[in-house]
Amino acid sequence: MTQLSDINLEWYRVFYWTATLGSVTGAAERLRITQPAVSHTLKQLETALGGALFIRTARGVRMTSEGEALLGSVRDAFTFLEAGAKKLADLRQLSQGEIRIGASDTLCKHFLLPHLERFHQDFPDIRIHVTNRTTPETLELLKDGAIDFGIVNMPAGDSKIDIRQSLPIQDSLVGRPDIAADSPKPIPLADLEQYPLLMLEPGGSTRGFLDEFARRHGVRLRPEFELGSIDLLVQFASSGFGLAFVPRDSVQDELREGRLVEIPIDPAIPARRIGIATLRGIPMSAAASRFLALLP
């Protein structure tokens, strides 16, 4: 049986370009060698592998079934080699490239943005693409290869994804001072049904976390308004539509200026964490790795 070490890698390169271009002449021009050299190399490869890879025709060459079977693996091999060469180039200097990040609007604004600003100052030639999605959608984008890594709300998980826990998040119940003044402090969790509640729409990890927290204590949260973003929750709460569950970091200005007040509940909402999600077993580009090293 022929071993890989018995075959010159250049033979596979000649095979690849002949198959891709469908022509010995085209492969010779692409590789800048003579046509006899291409033909001789293909003959050597066919002899080593023990079967014909091409059928010669008047218009060029056509792959046999064995050639078609080999082409997919050879194409993958060269793709990996090119990726390796690119990674080495990136390691030498971050003079070009891009980073693709997935994160929710809130995590992008309150967690990611300061680090993006710092990275962009240090490496202005690296393009940065941020896709705003919920945590479940971000994890799907990561598994599809559409992003390099994701910033997600915990709890979250997937067998194909590694998640490093980062900074804590504390969810809070907030409302306008005139509305909050009518409520006991703290409000028993079971009594929240007496107040108009504002929550995120179902489907995201934040809403799921709060619903599960309430269910563990025998309570079902029934929001009067379900909105699509934390910013909308803050705006609606500030306008007096009800009490909103939001991360405390997202309402620091409103709390400081007195437009909103924090309302304790009993039992208190436990803290959760921000997660940094990467695809298991897949190496990161140098630019993405450098950016991840900035994150706490």
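The tour goes from the whole chain to its cores and then to a pair of helices.

This is a predicted model, where local features need pLDDT of at least 70, side-chain atom pairs count only at pLDDT 80 or more, and totals for chains, interfaces and linings use all residues. Residues are numbered from 1 along each chain as its sequence is written, and side-chain values use heavy atoms, with hydrogens and water left out.

**Whole chain.** Show everything as a cartoon: the protein chain has 11 helices and 14 strands (DSSP runs, H or I of at least four residues for helices and E of at least two for strands, numbered from the N terminus). The C-alpha atoms fill a box of roughly 90 × 40 × 30 Å along the principal axes.

**Main core.** Now select Ile99, Ile101, Leu112, Phe149, Ile151 and Phe291. Of the 25 residues in the largest nonpolar core, these touch the most other members. Such a core is a set of buried (under 20% relative accessible area, 1.4 Å probe, protein chains only) Ala, Val, Leu, Ile, Met, Phe, Trp, Tyr and Cys residues joined through side-chain atoms within 4.5 Å. Strand S3 (98–103) and helix H5 (105–122) are among the elements that each supply at least two residues.

**Second core.** A separate core of 23 residues includes Ala28, Val61, Leu70 and Phe78.

**Helix pair.** Finally, select H2 (residues 24–31) and H3 (residues 35–49), whose axes (lines fitted to C-alpha atoms over the stretch in contact, with angles from 0 to 180 degrees between N-to-C directions) come within 8 Å and cross at roughly 110°. The two helices are therefore roughly perpendicular (65 to 115 degrees).

Terms used:
Parallel < 35°, antiparallel > 145°, perpendicular 65-115°, else oblique. Buried < 20%, exposed > 50% of the residue type's maximum accessible area, 1.4 Å probe, protein only.
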